Amino acid sequence: DGALVGVLRFALMKEGMTVAGTLYGCPVASILEKCGDLLPIPDPCFGLPGLPRQPLPSDPFRYLARFAAKDAEVFFGRNREIRQLYDRLTASNAPPLTLLYGQSGVGKSSFLDAGVVPRLQWSYQPLYLRRDQSRSLLDTLQQALDSGDNLSARWQATEKRAAESGGGLRLDGGGKPLVVFLDQIEECYTLPCAAAPDEVSEFIAAIKGLPGRLVLSFRKEWFPEIQKQVEEAGINYAKVFLEALDGDAILEVVNGLTGTQRLREFYNLTIGADLPETIAHDLHNDRDSPVAPTLQVLLTKMWRNAVAANSHAPTMSANLYHQLREDGLALGDFLDQQLEELAKAGSPSVESGLALDVLTYHTTALATVQRRSQGELLTTYAHCREQMPALLQALERLYLLSDSSEDSGEKATRLAHDTLAPLVRRLYDRSDKIGQRARRIIESRTADWDHSDENALDSASLAVVERGVAGMRALKPAEQALLEASRRKHAKEDR
């Protein structure tokens, strides 16, 4: 957009030699017009390598789904932090380990995958990984690397293979160093791997002396524990705290799709004059709301409303914002609204409590996210397995669940965003749906039941449980025994 990025030379030749010429300072638009398909897209993080040229997504906002490397051009709000972490990782004296931490919902995964990884790929070989709940941290990392006797050997073999294949060569002919990002480390504590009881200490010991750069990303409450183990292992490290989006960052996100000529031409979006400042003021002052996910929910709703009104020239106005704000912007409102949409679509799972039970099954007792495989879901909800595929599909469509399947494994799902976990748990604890009422009764009474028919459920409790079993997980053997004893008890009384 008018920034000077280089010069073009016009040369006069004679017998193969340059005898005269002119140098022209050229705005980037002139260069892109002639050879844009051959060049990276100029990066808004001024001075960093350009972004890979790839198709723009038709839908630039996606509710609570994270941004990946393919979405780099429509990921906004972190230019300052991207530049800072890029400089840290590429400095010649940078420590081998970086601890990146922040609050739940601050956007760590999107920041790494869509923000930092695409900028590194020109001179480095970045590898973004998420902790696999079925494997330990060490196994997750080793599975992503080439074979070798130990982690360092695997690391070096991966770099060597990439260089030999040509994909790991820089323009100067050198090899591209490997930089690994390992995300969601906190799951070692919230969802420990049974096969690796000392998962973190085993991993920290293995990464000592790595021949490259490693970034570990996790929620801030686990920083003291991880820092302690790193320091006890004697590993040199840097720490980066990812702050919540501030007012300037919110402005960057709201204005993002109008920031470059390429984006303006593709999306043709008009943004009301006072809208960015209004949104930034409201969200920045709402300390109770996680800014990044709330902003994404808001912008997704505004974009879809604007496209529905005019698909060729959508407009996001202050009036539209105020209308949506009245309908509720907080993620608790979003959860309620999406469940209401499911009910409007004719699903009985909302009124029965089954939908909420399934969402809660994707959380832990610590109110964190729990990945669930299709096998686990069909076993846990065996009594309603025929309706489970359609329900899971509907919850994904409503951005409450997301596909978490591994490349080589069976289908699995997780909550669409970490910040939904405490909201789902709170909604479940307060729910008076028949499924939740039945589950509370059967769980509490089974715990102190003496297995006698006379001390089984009273008639009112039995009626709730029998009506509510369709809205909760399948009964466990002891719970089924209590239900059957209760039925025998009241059958005798009726006679």
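**Aromatic contacts in the predicted model**

Phe241 has a relative accessibility of 34% and therefore counts as partly exposed, since the partly exposed class lies between the buried limit of under 20% and the exposed limit of over 50%. Tyr101, by contrast, has a relative accessible area of 12% and is therefore buried. Both values, like the others given here, are computed from a predicted model.

A search of the whole structure finds twelve aromatic pairs. One of them joins Tyr101 and Phe223, whose rings are stacked, with 4.2 Å from centre to centre and 20° between the planes. This pair links distant parts of the chain, since Tyr101 belongs to strand β3 (residues 97-102) and Phe223 to helix α8 (residues 223-232), the two residues being 122 residues apart. Tyr101 and Phe223 are both buried.

Tyr101 also forms an aromatic pair with Phe241, and here the arrangement is tilted, with the centres 5.3 Å apart and 50° between the planes. This pair, too, links distant parts of the chain, with Tyr101 in strand β3 and Phe241 in strand β7 (residues 237-241), 140 residues apart. Tyr101 thus pairs with Phe223 in a stacked arrangement and with Phe241 in a tilted one.

Elsewhere, Phe61, Phe266, Tyr267 and Trp303 form one aromatic cluster.

Charged side chains also meet aromatic rings. Arg62 lies over the face of Phe67, at 4.5 Å from the ring centre, while the charged end of Arg372 is placed over the ring of Tyr361, 3.8 Å from the centre of that ring.

Conventions
Residues are numbered from 1 along each chain as its sequence is written. This is a predicted model: local features need pLDDT of at least 70, side-chain atom pairs count only at pLDDT 80 or more; totals for chains, interfaces and linings use all residues. Side-chain values use heavy atoms; hydrogens and water are left out. Rings of Phe, Tyr and Trp (its six-membered ring) pair if their centres lie within 6.5 Å; planes under 30 degrees apart count as stacked, over 60 as edge-to-face and the rest as tilted. Helices (H or I, at least four residues) and strands (E, at least two) are DSSP runs, numbered from the N terminus. Buried means under 20% relative accessible area, exposed over 50%, partly exposed in between (1.4 Å probe, protein chains only). A charge sits over a ring if NZ of Lys or CZ of Arg is within 6 Å of the ring centre and within 35 degrees of the ring normal.
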